Amino acid sequence: MAILSSETLHASCVAIDGRAVLIEGRSGEGKSDLALRLIDRGALLVSDDYTICTRRDGVLHGAAPATIAGKIEVRGIGVVTLPHADSAPVALLITIFDDPPRMPEGPHLRKIAGVDVPVVALPALEPSAPIKVELALRHLTELKR
């Protein structure tokens, strides 16, 4: 299987029902916190803080750099080891944004390693953020039907 393109993002990544959700934001904005809350709701860690995105056969996959696989930083506790997925196909990119538009205009896409990925802007530390991520992922699945 040939690797066509690869890109490393400053993003955490979790898998929900086998589909990867990238969580992108600046340091301290809540990437790991949102990932941890999604994990508490049943998601599986793929990578914390940095994710290698690789396009294979037209599908973008997220994976952790080998040095941080299975590890997540939990503020106030330190780096902990959790069960994790080696990789998962990327379905969504969450961009942390403190004040996203109330009613965004149409679907936004971002090209990562040559693959268009749907983008949703959310405030990561809002209590409903994990639910919104799950709803966005479900909504995208329904749109593809």
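**Reading a predicted fold, step by step**

Modeller: Let's walk along the chain: the pattern reads β-β-β-α-β-β-β-β-β-β-β-β-α. That gives two helices and eleven strands, where helices (H or I, at least four residues) and strands (E, at least two) are DSSP runs numbered from the N terminus. One caution: this is a predicted model, so local features need pLDDT of at least 70 and side-chain atom pairs count only at pLDDT 80 or more, while totals for chains, interfaces and linings use all residues. Residues are numbered from 1 along each chain as its sequence is written, and side-chain values use heavy atoms, leaving out hydrogens and water.

Biologist: Okay, what radius of gyration does the protein have, and what would a compact globule have?

Modeller: The radius is taken over C-alpha atoms, and the globule rule is 2.2 Å times the number of residues to the power 0.38. For 145 residues that rule gives a value near 15 Å, and the protein has 14 Å, which agrees with a compact globule. Its C-alpha atoms fill a box of roughly 40 × 40 × 25 Å along the principal axes.

Biologist: And how do I read contacts in the protein?

Modeller: Contact means heavy atoms within 4.5 Å. Take contacts between residues at least 6 apart in sequence: 67% of them join residues at least 24 apart.

Biologist: What share of the residues is buried?

Modeller: Buried means under 20% relative accessible area, exposed over 50%, and partly exposed in between (1.4 Å probe, protein chains only). Here, 42% of the 145 residues are buried. The accessible surface, from the Shrake-Rupley method with a 1.4 Å probe, comes to about 8100 Å², with 55% belonging to carbon and sulfur atoms.

Biologist: What about phi? Which sign should I expect?

Modeller: Most residues other than glycine have a negative phi. Now look at aspartate 57: its phi is positive, near 50 degrees, and it isn't a glycine. Aspartate 57 sits in the loop between strand E5 (51–56) and strand E6 (59–63), and it is exposed, at 58% relative accessible area.

Biologist: Where is alanine 113 found?

Modeller: Alanine 113 is in the loop between strand E10 (108–112) and strand E11 (115–122). Alanine 113 has a positive phi too, about 50 degrees, yet alanine 113 counts as buried because its relative accessibility is 4%.

Biologist: Last one: what volume does the second largest pocket have?

Modeller: Rolling a probe the size of a water molecule over the atoms shows where empty space is left. On a 1 Å grid over the protein atoms alone, a pocket is an open set of points where a 1.4 Å probe fits, with protein on both sides within 12 Å along at least five of seven lines; lining residues have an atom within 4 Å of a point. The second largest pocket has a volume of about 300 Å³, the space filled by probe spheres set on the points, which are joined across faces, edges and corners. Of its 14 lining residues, Gly28, Ser32, Asp33, Glu73 and Arg75 are closest to the centre. Helix H1 (31–40) and strand E7 (71–74) each give two or more lining residues, and H1 gives the most, with four.
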